[in-house]
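Good morning, and thank you for coming. I shall present one structure, beginning with the ligand site and then turning to the chain itself.

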Amino acid sequence: MKFRNFKMVDYVVYGSGCFDQLGEILAPRRKGDAPMIFFVDEYFQDKQAFLSRIPLQGKDKIVVIDVTYEPKTVTVDKIRDELQAEFGEVSGIIGIGGGSVMDMAKAVALMMTNPGSSADYQGWDLVKNPAVYKVGIPTISGTGAEVSRTCVLTGPTRKLGMNSDYTPFDQIVLDPALTKTVEVNQRFYTAMDCFIHCVESLTGTYLNAFSKSYGEKAQELCEEIFLDKDVWDDDSDEKLMMASYAGGMSIAYSQVGVAHAVSYGLAYLLGTKHGIGNCIVFDKLEEFYPDGVKKFKEMVKKHNIDIPQGITRGLTDEQFDTMINVSLGMAPLWENALGKDWKEIMTRERLRKLYERL
Ligand code: NAD
Ligand code: ZN
């Protein structure tokens, strides 16, 4: 048996207001007059009070990231080309936003030093050269992208991450105060990405004590804030940020499962976003995750969250086949969820029935 020897984030700063330390954190990482490039979620583009806190110097630049679609390889390549044309070299890339912006920052940082298209590096350990310095600053909690060794990209033929030891951030800045403005439904969808990661990893066949310790803590924090507490306050934002961190750490040594495998098919065909897509699928997975789904439904009810229904109604056989192919292509997820014999358990017919219920 070979054990995974995984690379982690180098530096972590945590605490409400710690974003204001960013200037001093970046200072020793500046290389001459090569700029720091700040990728900022479009939500912040007109929030002057926030933008003025970004520690710009010299040729530093803010790039507003459109998050209408989840990151695509073509967009990653285009931003890389533009930055290289404008600056030649940069000192670093700082991603400020949700999973989309953090993944975009990781991907562009990798592509600044690796030739060709990001589509060439979708997979495991294909990246050849270390990235430029990169920092992740989540402004919405749940994906675990701040700690993971992947950045999920939609390419010409697949939705798959650039998984490598060069992918994790050099530094993350965990400031729960940045998440205050997230809309209630969106906050729930992204938080459930974390909750679902935990259920999938804790019930999976790949589980070990490392993964379990983090997964249990993350799930406990989610349940505390979404089930036990009656108001959402600063404490909730702080705990959700740590749940996301712990959930991401849990996945480092395990795998996700059925909800992710099925929601990848929705994302590929319909462009359904990751957080809401997972919720749409998980809502129908009581046969696989009875306890987790029961708790999920309680949280949905308590917070009056809207989970879309009937999104696959009217699709053609060909479209169902596309989703089934994408989903069944995620072998490690199915194996984690259902064991080595997963192909006998999750047949195409059974998966089609599941997609029809969404
Ligand atoms: P997101 O990044 O798409 O953001 C969701 C919405 O929240 C956007 O409309 C954004 O503008 C808004 N938003 C963000 N911060 C805000 C704030 N402080 N105030 C108000 N609005 C704010 O969503 P997400 O769920 O964080 O990330 C999903 C992405 O993460 C997907 O692309 C998915 O593939 C990826 N992902 C990556 C990993 C990984 O390990 N790399 C893991 C899970 C998911
Ligand atoms: Zn996820």
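Domain 1 (11-179) and domain 2 (184-356) both give residues to the shell around ligand 1, so the ligand lies between them; the domain bounds come from an automatic or database domain assignment. This is a predicted model, in which local features need pLDDT of at least 70 and side-chain atom pairs count only at pLDDT 80 or more, while totals for chains, interfaces and linings use all residues. Residues are numbered from 1 along each chain as its sequence is written, chains are lettered from A and ligands numbered from 1 in the order in which they are written, and side-chain values use heavy atoms, with hydrogens and water left out.

How many residues surround ligand 1? There are 24, and the closest are Asp41, Thr139, Ser148, Thr181 and Thr190; a residue is near if one of its heavy atoms lies within 4 Å of the molecule. By class, the shell has nine nonpolar, eleven polar and four charged residues. Here Ala, Val, Leu, Ile, Met, Phe, Trp, Tyr, Cys and Pro count as nonpolar, Asp, Glu, Lys and Arg as charged, and the others, Gly among them, as polar. Helices α4 (99-111) and α5 (184-202) each supply at least two residues of this shell; helices (H or I, at least four residues) and strands (E, at least two) are DSSP runs, numbered from the N terminus.

Consider next the polar groups. An N or O atom in the side chain of serine 148 is 2.6 Å from an oxygen atom of ligand 1. For serine 100 the corresponding distance is 2.8 Å, and for a polar side-chain atom of glutamate 70 it is 3.5 Å. Taken alone, ligand 1 exposes 870 Å², of which the protein buries 91%; these areas come from the Shrake-Rupley method with a 1.4 Å probe.

I turn now to the chain. The protein chain has 14 helices and nine strands. The C-alpha atoms fill a box of roughly 60 × 45 × 45 Å along the principal axes. Of its 358 residues, 55% count as buried, meaning under 20% relative accessible area (1.4 Å probe, protein chains only).

Finally, where does aspartate 283 lie? Aspartate 283 is in the loop between α9 (274-282) and α10 (290-302), and at 10% relative accessibility it counts as buried. Its side chain makes a polar contact of 2.9 Å with the side chain of lysine 297, and another, of 3.5 Å, with that of glutamine 309. A polar contact is a pair of N or O atoms within 3.5 Å; within protein, one must be able to donate a hydrogen and the other to accept it, and residues adjacent in sequence count only if both atoms are side-chain atoms.

Note on methods:
Buried < 20%, exposed > 50% of the residue type's maximum accessible area, 1.4 Å probe, protein only.
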